[in-house]
Amino acid sequence: MSRLQQRFESLRASGRKALIPYVTAGDPQPDVTVPLMHALVEAGADVIELGVPFSDPMADGPVIQLACERALKHHVRLLDVIAMVAEFRKTDNQTPVVLMGYLNPIEAIGYERFADAAVAAGVDGVLTVDLPPEEAEETSVLFSSKGLDNIYLMSPATSAARLQQICERGSGYLYYVSVKGVTGSTALNVGEVADKINQVRGMTDLPLAVGFGIRDPQSARAIADVADGVIVGSVLVNRIAELAQTPALIPAQVSQVIADMRSAMDA
C-alpha cells in the first residue's frame, strides 16, 4: 500500500480530511525548503505538494510564477528538488510527497531516469499539469510500474466522459480545480464544488482533493465539508514572498497559516 493510500485511509478512519500545502521548491532559496516541509507537517499537513520550478508555468498565476523565478535564480532544477525530498526523508518516512510541475523538466532528464530517482528519494506521486491523461499512457504505465501515483486535474469544465477517463487512469488522489482560471483565483463557490464532487464520487473511490481559491481557515473548513482533501498554495507562496528577505522566519510563519486551517478543519 502506498503512502498516499495509507494516509487517506487513516484520515478516513479518524473522520478527518487531508490538508495539502503546496510550496515551490527552492523558493526563496534552496536551504529553506526542507525545514519548511517539516514545519508544515508539524503544523498539521497530511500530504505535501512540492512544486518543481519551471520557466513557463502556464497554469499558475503571478504569485507562483514569481516563486518559480525566485527559485530559478538559484538554479534549482528537477534533480535538486528530488534531492530535497531525499533530505526530507531522512527524518520523515511517513508524510506523502507529490511533485507538481510541468512535463519539460521530466522529458529533459528522461522518464525512466526521473522515475527511478524520484522513487529512490521517496517521492510518492507526480502531478504533471500539462500532461493530460489522453497523452499520458506511456508515462502513467511507467510511473505506476515504479510505484509512483499518477495524479490528474479536473475542473468545472471537465465533461462527464473525460471525468470517467481521469478516474480510471488516476491514482493516489484526484485534484479538482475549484475555479476557472489560474492559481490564485478567488471566485470560490462551495456549492458548485460540492455538486461536482458528488458527480465524481459516483465514478471513483479515489480521494478527491480540492485546490485553487482556498486562502483562509473559513474556506478550508467549507471545502473540507464536501471533499476528502484541501489543497492550499498561493496564500502560502505569497507569505513566503513577503518574507523572502528574512528566510529564517519562513518555516514558523508560513506553517502558522496551515495550523490555523488545520484547527478550523478539525473543529
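In this predicted model, nine strands form an open sheet with parallel pairing, in the order S5-S4-S3-S2-S1-S9-S8-S7-S6. Two strands sit at the edges: S5, residues 149-150, and S6, residues 153-154. Each of these pairs on one side only.

Val126 stands opposite Asn150 of S5. Strands of a sheet pair through backbone hydrogen bonds, either parallel or antiparallel.

Now move along the order to S2 and S1. These strands run parallel and are joined by three bridges. Val23 has Leu50 of S2 as its bridge partner. In a regular strand the side chains alternate between the two faces of the sheet. S2 has both faces covered. Ile48 and Leu50 lie on one side, Glu49 and Gly51 on the other, and all are buried.

Helix H4, residues 78-89, touches strand S2 (48-51) and strand S3 (97-101). The direction of H4 makes about 165 degrees with that of S3. Another helix, H12, spans residues 250-266. H12 lies across strand S1 (18-24) and strand S9 (229-232), and runs at about 160 degrees to S1.

H4 also has a helix partner. Helix H2, residues 30-43, packs with H4 at an angle of about 45 degrees, their axes 10 Å apart. That angle is why H2 counts as oblique to H4. The crossing of H2 past H4 is right-handed. On the H2 side, the contact is made by Pro30, Thr33, Val34, Met37, His38 and Val41. H4 supplies Met84, Glu87 and Phe88. Sorted by class, the contact has six nonpolar residues, two polar and one charged.

Finally, pick out a single residue. Val193 belongs to helix H9, residues 190-201. Is Val193 buried or exposed? Its relative accessible area is 1%, so Val193 is buried, the cut-off being under 20%. Which residues does Val193 contact, leaving aside its neighbours within four places in sequence? They are Tyr176, Ser178, Leu188, Val210, Ile223 and Val226. Take Ser178, which is 15 residues from Val193 along the chain. The C-alpha atoms of Ser178 and Val193 are separated by 6.1 Å.

Definitions and conventions:
Residues numbered from 1 in each chain as written. Predicted model: local features only at pLDDT ≥ 70, side-chain atom pairs only at ≥ 80, totals over all residues. Heavy atoms only, no water. Pairing = 2+ DSSP bridges. Helix = DSSP H or I, 4+ residues; strand = E, 2+ residues; numbered from the N terminus. Contact = heavy atoms within 4.5 Å. Axes fitted to C-alpha atoms, helices over the stretch in contact; angles between N-to-C directions. Parallel < 35°, antiparallel > 145°, perpendicular 65-115°, else oblique. Left-handed = near helix turned anticlockwise from the far one by under 90°. Nonpolar A, V, L, I, M, F, W, Y, C, P; charged D, E, K, R; others polar. Buried < 20%, exposed > 50% of the residue type's maximum accessible area, 1.4 Å probe, protein only.
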